[in-house]
Amino acid sequence: MTLNLDAPETRLALKAVRRAADLAGQVQKELVLASSTATITKDDLSPVTVADYAVQALVAHQLLQAFPNDDLVAEEGTASLRAAECGPTLDAVVSFVGRHLAGAARENVCEWIDRGGATPNGRFWVLDPIDGTKGFLRGDQYAIALALIENGVVQLGVLGCPNLNTDGTPNVGGVGALAVAVRGQGSWIAPLNQPEQWTPLRVSATATLAESRILRSFETRHTNVMQIENFMRVNGLTQPPVLMDSQVKYVVLAAGRGEVLFRLPPPDKLNYREKIWDQAAGLIVVEEAGGRVTDARGAALDFKHGRALERNSGVIASNGVLHTAVVQALSALVG
Ligand code: AMP
Ligand code: MG
């Protein structure tokens with residue numbers, strides 16, 4: 001398989017995510033790691049807020065320049081950012097964006113961010129500017145996730161993973177990795193600072209459920225830990241699960257360093273619906289590496305129903321070989 005790096009969408013997505021990862025790294029270094037995390041909450045002038053907005057502005061601007069007719073569905077909006085008391089946050093956002101884009105100012109930065117408010121339809125881009133915000137604050141794993149969806153099918157996904165090696169091992173403070181998948185062209189990974197060095201990603205060939213390694217959220221409130229532990233016990237899995245924030249988990253699975261990824265609705269939010277920006281890029285990276293992604297019951301993820309996966313519950317991603325066995329074993333457990 002070969003990756004066509006001349007396709008305008010692929011080229012732009014790679015460039016935009018690389019720049020965004022640069023920006024996110026600057027915020028993490030200058031605001032997160034330099035301050036006491038004890039004082040940080042998501043609702044005030046927090047580094048994560050600054051990084052979320054700044055990355056969304058930067059990527060939205062580049063998409064607008066390259067594909068002015070394409071919609072963008074992204075996590076953030078400026079309703080609260082425009083309030084007077086958020087002036088200092090907005091100024092910080094403008095200042096970080098300004099390092100990458102000449103002419104950044106309060107008004108145009110807000111306009112770029114608000115391009116992300118589109119309703120999914122036809123062909124559109126999907127962006128999670130900082131996926132894994134809690135990992136970002138911990139100085140741990142996070143990802144910049146950008147995908148292109150056409151008529152409900154994810155065609156392109158890029159994941160910027162600043163704290164991951166290209167072999168899928170974690171490396172906080174290293175050069176980071178850039179993963180890309182294009183429908184029919186495979187999944188590939190390169191160092192964030194050397195995007196010409198692409199190597200293919202391939203899922204593991206492990207075909208025995210008991211020998212498989214589980215990947216799940218680091219944050220226990222984002223999944224159903226008890227169900228996952230039961231699954232492991234009943235099916236004789238003995239390798240310790242890998243706990244990791246963000247869609248970096250999908251890259252680790254695509255790199256063959258785990259076989260089964262679970263996102264199960266948490267017990268206190270059984271009706272939780274996954275946001276499309278938390279899944280689209282990760283899904284194609286896994287599928288093009290030879291794996292499979294479905295909801296917890298084995299149904300395809302349906303990206304045609306708004307900003308969340310309204311028709312699906314939970315997510316199972318796997319190396320493919322084990323998928324049917326995992327879906328069956330989970331339904332035997334939960335009914
Ligand atoms: P992870 O780092 O894998 O735990 O995933 C991070 C994503 O989980 C965030 O981007 C949120 O959109 C999403 N999220 C937030 N709350 C929940 C929840 N209660 N259940 C599942 N996912 C959630
Ligand atoms: Mg997210």
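This is a predicted model: local features need pLDDT of at least 70, side-chain atom pairs count only at pLDDT 80 or more; totals for chains, interfaces and linings use all residues.

Reader: Where in the fold does Ser-212 lie?

Author: One begins by placing a residue relative to the strands around it. Ser-212 lies in the loop that links β7 (199–200) with β8 (214–216).

Reader: Is Ser-212 buried or exposed?

Author: Burial is judged from relative accessible area, and a residue under 20% is called buried. Ser-212 has 0% relative accessibility and therefore counts as buried.

Reader: Which residues does Ser-212 touch, leaving aside those up to four places away in sequence?

Author: Ser-212 is in contact with Leu-237, Gln-239, Glu-259, Val-260 and Leu-322. For polar contacts, one looks for pairs of N or O atoms within 3.5 Å. Here the Ser-212 side chain reaches the backbone oxygen of Leu-209 at 2.7 Å.

Reader: How many residues surround ligand 1, and which are the closest?

Author: Ligand 1 is surrounded by 13 residues, the closest being Ser-217, His-222, Ser-246, Lys-249 and Asp-278. Ligand 1 sits in the largest pocket.

Reader: Which distances separate oxygen atoms of ligand 1 from polar side-chain atoms of Asp-278, Arg-263 and Asp-131?

Author: For Asp-131, an N or O atom of the side chain is 3.3 Å from an oxygen atom of ligand 1. The corresponding distance is 2.8 Å for a polar side-chain atom of Arg-263, and 2.6 Å for an N or O atom in the Asp-278 side chain. Of the 500 Å² of accessible area that ligand 1 has on its own, the protein covers 87%.

Conventions: Residues are numbered from 1 along each chain as its sequence is written. Chains are lettered from A and ligands numbered from 1 in the order in which they are written. Side-chain values use heavy atoms; hydrogens and water are left out. Helices (H or I, at least four residues) and strands (E, at least two) are DSSP runs, numbered from the N terminus. Buried means under 20% relative accessible area, exposed over 50%, partly exposed in between (1.4 Å probe, protein chains only). A polar contact is a pair of N or O atoms within 3.5 Å; within protein, one must be able to donate a hydrogen and the other to accept it, and residues adjacent in sequence count only if both atoms are side-chain atoms. Contact means heavy atoms within 4.5 Å. A residue is near a molecule or strand if one of its heavy atoms lies within 4 Å of it. Accessible areas come from the Shrake-Rupley method with a 1.4 Å probe; for residues, only the protein chains shown count as cover. On a 1 Å grid over the protein atoms alone, a cavity is a set of points where a 1.4 Å probe fits but cannot get out, and a pocket is an open set with protein on both sides within 12 Å along at least five of seven lines; lining residues have an atom within 4 Å of a point. A molecule sits in a cavity or pocket if more than half of its atoms lie within 2 Å of its grid points.
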